Amino acid sequence: MACQCQAGSEKGYIRLLLRAPRKPSSFLFSDHGENDAPAGGTVAAFQPVKNSKKGGSRASLFIYLAMGFGNIGFVANMTSMVLYFYFVMHFDLPGSATTTTNYLGSVFMLTLVGGFISDTYMNRLNTFLSFAVLELLGYVLMIIQSHYKKLQPEPCINDSRCVKGGEALMLYASLCLLAIGAGGLRGSAPALGADQFDRKNPMERKYLARFFNWLLLSTTIGASIGVTIVVWVSMNKGWDKGFIISMFCAFAGFIVITSGKPFYRIRVPGESSLSRIFQVLVVMVKNRKEQLREGTNELYEIQDKEAGLSEVQIPRTDQFRLLDKAAILRIGVKPKKWGVCTVTQVEEVKILTRMTPIIISTIIMNTCLAQLQTVSVQQGTFMNTYIRSFEVPSASIPVIPLVFMSILIPIYEFAFVPLIRKVTGHPNGITHLQRVGVGLVLSVISMGIAGIVEVKRKHEILNNGHRISIFWLGIQYAIFGIADMFTLVGLMDFFYSEAPAGMRSLATSFSLLSLSFGYFLSSIFVEVTNSVTSKITKSKMGWLEGRDMNKNHVELFYWFLAALSVLNFVNYLYWAKWYIYKKDDP
């Protein structure tokens, strides 16, 4: 609901809200039209759904297929891009790693843009399609540059990055288009799929939790194809051919999701989510000198029983009472936008504020993930990559956790959840935050093992001249894959379930925002680690510096991240215990 009320429309629009809690209620789907908001103002949380009788599992199949196709190329590039930068664009080891993590960080940061646009300006389907076109254009540029040698830089010795001038312009332009396209569509797709299920319907609510598991399974299967077939083609037949396959898979996803249009529930965009947040902050500052009186303070709320708006109201909570000042209607002041906000609008900001520590607490885990997609892939080039006469590309090793996840997700859904549900009584078996916590613990174990494997690798090659099998990396990948299965799905379900109805695309993007910060933090850690350790090592080289990994100390960097992850888990436990779930959840 907006903080705007037409002057003179006193009939049933203003309710004085005392500190006693109100009966909670929730809203997701409605048969109201776009113009059913009260005359007093717009209603942002009120996002009606066109064709509310559609949707369900049949509609979600198109989202599964589209994201599966899209992930074939996207994940193949996630794991192999570091080698493309190293061998084709002639970056050094830290340069190729930080460029990859900066690219991936940008992708997941831009999911917020996709989520914001699909909440505010375009429906989620059109948002997906628009950004998919940009992604296809990015692939076209990558194909052209990887095909023609004249558009690639010559090797250099002293520079960390050899790409200059027009070559650099073309490379970074293609990366920008890929990042904007891939990020934008991933900011709208999860919410589009979740919109096909009504959270107020007990049966459909159960399928909503299942949707995120199956979405992960479909993207995992697509990723498995990408890191095996597409990566092998890129490494053995040419990078241009790998990018061509990625482009056609992305186009296939575009066609599939378009084909499902007759079956979707399409949510009508509402008022700008960010505008509503800023309104609360601005009005709070204006009312900073107003007093919240115990038991008698009058807080502003809109209610119109005829419009059914009471369904979308969020009950007031006692946390962050300073924000409540935005809902104080000062004497002699008429309700208007940027003058007073409703209690529901204030509570929306409180919900997002409560989510923030949870997001921050998962960033370190995603920094660890970035190492598996960069440093560990580079490790693989210094290991035995053969199975008899067949050479396994080092960038294909992530298929191990993907296979684990493909097997474990159905087991988790059909065996673990029903069993634990009988013990806990929770519809999902365990809560969202408990699921995230399990993933954080497993990520610590993965980093610890990664360090041990690197010690063994260096010992064998330096002392015995023997390269150990690349499948030793499979241990850390497998454990982290299970961690990702718990954490990523838990976060997406958590943010969608807890977010206000008008901010669900934006909120589901928050789980990917954590990935973005994790990748950017990885780039910072690599640079800072090299800067600090170069001053204390005998060789005057940083732990990750140079082009020869046998002279580096990657194992110490892994253990540093493991220790940091332990501290982060302790921090997460505090915030998970502190978090108050939204009261309108059954």
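The legends below describe close-up views of a predicted model. Residues are numbered from 1 along each chain as its sequence is written, and side-chain values use heavy atoms, with hydrogens and water left out. Because the model is predicted, local features need pLDDT of at least 70 and side-chain atom pairs count only at pLDDT 80 or more, whereas totals for chains, interfaces and linings use all residues.

**View 1. Packing of helix H1 (residues 57-88) against helix H2 (residues 93-109).** Helices here are DSSP runs of H or I with at least four residues, numbered from the N terminus. The two helices pack at an angle of about 150°, with their axes 7 Å apart, where axes are lines fitted to C-alpha atoms over the stretch in contact and angles run from 0 to 180 degrees between N-to-C directions. H1 and H2 are therefore roughly antiparallel to each other, a term for angles over 145 degrees. H1 passes H2 in a right-handed crossing, meaning that the near helix is turned clockwise from the far one by less than a right angle.

**View 2. Packing of H1 against helix H4 (residues 124-147).** H1 and H4 pack at an angle of about 40°, with their axes 13 Å apart. Residues of H1 including Ala 66, Gly 73 and Tyr 84 meet residues of H4 including Phe 128, Met 142 and Ser 146. The contact of H1 with H4 comprises 8 nonpolar, 4 polar and no charged residues.

**View 3. A network of salt bridges that links Arg 316, Asp 318, Asp 324, Glu 347 and Lys 350.** A salt bridge is a side-chain nitrogen of Lys or Arg within 4 Å of a carboxyl oxygen of Asp or Glu, and the whole structure holds 8 of them. Asp 324 meets Arg 316 at 2.7 Å, N to O, and Lys 350 at 2.9 Å, N to O. In this second pair, Asp 324 belongs to the loop between helix H8 (273-286) and helix H9 (343-361), while Lys 350 belongs to helix H9, 26 residues apart. Asp 324 counts as buried because its relative accessibility is 2%, and Lys 350 counts as buried at 0%, the limit being under 20% relative accessible area with a 1.4 Å probe and protein chains only.

**View 4. Phe 320, a residue with a positive phi in the loop between H8 and H9.** Most residues other than glycine have a negative phi. Phe 320, although not a glycine, has a positive phi of about 50°. Its relative accessible area of 29% makes Phe 320 partly exposed, a class that lies between under 20% for buried and over 50% for exposed.

Notes
Contact = heavy atoms within 4.5 Å. Nonpolar A, V, L, I, M, F, W, Y, C, P; charged D, E, K, R; others polar. Parallel < 35°, antiparallel > 145°, perpendicular 65-115°, else oblique.
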